Structure formats: structure tokens, C-alpha cells
Amino acid sequence: MDIFDLTCTADNGERFIIEVQRTAQDNLKKRMLYYSSKLIADQAPKGNRRAWNYAISEVYIIVLMDGFAMPDAGDEKYFLHDICLCYRDHGKIFYDDLGFIYVELVNFVKAEAELVNDLDRWLYVLKNMSSLNGLSTYLRKPIFEKLFQLAEYSKLKPEEREMYNVSLRNKWDAESIRSSQEDQLKRAREKAMAEGKAEGKAEGKAEGKAEGEVIGKAEGKAEIIKNLLSSNKCSISEIAELANVTVEFVKQIEAEKAKGK
């Protein structure tokens with residue numbers, strides 16, 4: 001069985017699954033119902049469900065069937081099936097935010113010159129990608145050019161593919177490092193704020209709440225700044241941002257630390 005599943009979230013919160021299946025399966029419809037139900041159920045928060053009030057985003061299942069027909073389709077030769085929940089008696093839509101779109105590529109038989117819209121072009125490219133040597137004038141759009149470039153990856157020589165993979169890994173590594181640094185800075189800032197607040201409260205109990213919180217926060221921040229300076233992992237400006245103080249204050253602590261205070 002040859003299956004490819006991709007779960008996506010649109011900018012507006014819509015959830016959808018794209019499934020590509022190249023061999024027939026008896027329980028295809030039930031599996032798609034299960035996938036859609038899981039996407040809906042997973043949206044429920046762990047708590048405060050009253051505030052959530054079943055604010056379910058739209059969910060769609062898109063199935064590309066390559067090489068076989070829609071189960072129980074009979075003699076129909078439609079290549080696109082757009083399915084939703086509706087009333088049995090008059091066909092009016094009951095719920096519009098759950099949909100199933102099945103595409104039978106085996107029934108899409110349009111020639112290149114017969115393509116009239118982007119849906120036609122997408123289906124033509126998906127069905128004939130393996131035999132295309134280039135993009136004709138009917139398919140000259142940036143999105144199809146990008147798709148064609150990605151598809152050419154499978155045609156690369158082993159050494160060319162390795163070079164491409166190395167470039168991708170370098171890109172992913174750089175993104176991972178950037179994300180990790182942002183997380184570390186965030187955790188350090190939260191820790192600094194928590195420790196400063198705790199120091200302020202402790203000092204306040206001994207010398208008066210108002211004065212103690214001010215002194216405690218200052219001393220707490222000074223201690224945190226000293227620790228950050230000792231770690232040699234952050235610049236002066238980064239430490240100032242983490243501790244929510246001025247650069248001059250950090251430099252003052254650095255000078256005091258150098259003098260051994």
C-alpha cells in the first residue's frame with residue numbers, strides 16, 4: 001500500500017489533511033472519517049471548556065486517489081467529489097465547516113490544451129509529473145515552476161542529491177540554533193524576574209515591604225547579572241534586556257565585579 005499523509009493548518013486556523021493514496025483500500029471512507037474526527041477532537045482544550053464553547057475551526061480532508069476509482073462510485077466518471085454534511089430529504093447543507101474532497105486522477109483525462117483553470121492545471125501536473133520534461137505555456141505560473149523544481153529532486157544524481165540535502169540541513173540547523181537561543185533568553189528573563197521578585201519580598205519582610213522590595217529587586221537583579229556575566233554566554237545588551245535594566249547598570253555591576261565587590 002502506497003500512502004502519504006500531510007496534516008496542515010492554514011493562516012486562518014482551518015485544519016486539513018491531504019492524503020495521497022495509490023492503491024485501493026476497502027476502509028478508505030471510514031479512515032477519512034476517523035482522521036477528521038480526530039482533528040476536531042484535538043481542538044478541545046484541557047481545561048476551561050466553557051470559555052472555549054466549542055469554537056471548532058473548519059476541517060477538511062483532501063484525498064488524491066491515483067490509479068483507482070472512488071469506492072462505490074459505480075459508473076460515474078467524475079474526477080472531483082465535494083462532500084459535506086447535509087439533510088437527506090432536501091439536500092440543504094447541515095454543517096458547512098467539515099468537508100471531504102476526493103479527487104479521482106484516473107478520471108481526469110483533459111489534455112494540456114484543455115486546461116481552463118488552476119484546478120485543471122494542478123490535477124494535470126499531479127497526474128503527469130513523472131512524464132513532464134518541462135513546463136509548457138499552459139503551466140507557466142510561479143507555483144507550478146516551484147513545484148516542478150521540487151519534483152526534479154528525485155532525478156538528481158546521488159552526489160547532487162547529497163549536496164542539496166547538506167544545504168537543507170544547514171538551513172534547518174541555523175533555524176534550530178536561532179530558536180534555541182530565543183528560548184534560552186526567554187527562560188533566563190523569566191528566571192531573573194522570578195528571582196528578583198523573591199529577593200525583593202524576602203528583603204521587604206526584614207526592612208519594610210515597600211523599601212525591601214526595591215532593595216531586594218535591585219540586589220536580586222545584581223546577583224543575576226553577575227551570574228550571567230560569569231557565564232560569558234550573553235552580551236551586555238542581552239543581559240540588560242533579560243534583567244530589564246539599563247546597559248549602564250549592567251556595566252556598573254561588571255565594574256564592581258571586576259573590583260571583587
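Is Lys 110 buried, partly exposed or exposed, and what is its relative accessibility? At 29% relative accessibility, Lys 110 counts as partly exposed, where buried means under 20% relative accessible area, exposed over 50% and partly exposed in between, with a 1.4 Å probe and protein chains only.

## Basis of the description

This is a predicted model, in which local features need pLDDT of at least 70 and side-chain atom pairs count only at pLDDT 80 or more, while totals for chains, interfaces and linings use all residues. Residues are numbered from 1 along each chain as its sequence is written, and side-chain values use heavy atoms, with hydrogens and water left out.

## Salt bridges

Side chains of opposite charge can pair when their charged atoms come close. With a salt bridge taken as a side-chain nitrogen of Lys or Arg within 4 Å of a carboxyl oxygen of Asp or Glu, the count comes to 4 salt bridges. One of them joins the side chains of Arg 31 and Glu 19, at 2.7 Å from N to O. This pair links distant parts of the chain, since Arg 31 belongs to helix α1 (residues 28-41) and Glu 19 to strand β2 (residues 15-21), 12 residues apart; helices (H or I, at least four residues) and strands (E, at least two) are DSSP runs, numbered from the N terminus. Arg 31 counts as buried at 13% relative accessibility, and Glu 19 is buried with a relative accessible area of 0%.

The salt bridge between Lys 110 and Asp 120 has an N to O distance of 2.8 Å. Lys 110 lies in the loop between β5 and α3 and Asp 120 in helix α3, so this contact ties together parts that are 10 residues apart in sequence. Asp 120 is buried, with a relative accessible area of 2%, whereas Lys 110 is partly exposed. In a further salt bridge, Asp 42 meets Lys 38 with the closest N and O atoms 3.0 Å apart; Asp 42 is partly exposed at 48%, and Lys 38 is partly exposed at 41%.

## Aromatic pairs

A pair of aromatic rings is described by the distance of the centres and the angle of the planes. Rings of Phe, Tyr and Trp (its six-membered ring) pair if their centres lie within 6.5 Å, and planes under 30 degrees apart count as stacked, over 60 as edge-to-face and the rest as tilted. The count comes to 4 aromatic pairs, among them the tilted pair of Tyr 34 and Tyr 35, with 6.1 Å centre to centre and 55 degrees between the planes. Tyr 34 is exposed, with a relative accessible area of 51%, while Tyr 35 is partly exposed, with 21%.

The ring centres of Phe 79 and Phe 108 are 5.2 Å apart and their planes stand at 85 degrees, so this pair is edge-to-face. Phe 79 lies in the loop between β3 (59-65) and β4 (80-86), and Phe 108 in the loop between β5 (93-104) and α3 (118-128), so the pair ties together parts that are 29 residues apart in sequence. Phe 108 counts as buried, at 2% relative accessibility.

## Helix α7

In helix α7 (residues 236-243), the buried residues are Ile 239, Ala 240, Leu 242 and Ala 243. Seen down the axis of α7, these buried residues fall within an arc of 165 degrees, so they line one face of the helix; the arc is that of the directions from the helix axis to the C-beta atoms. Asn 244 follows α7 and has a positive phi, near 60 degrees.
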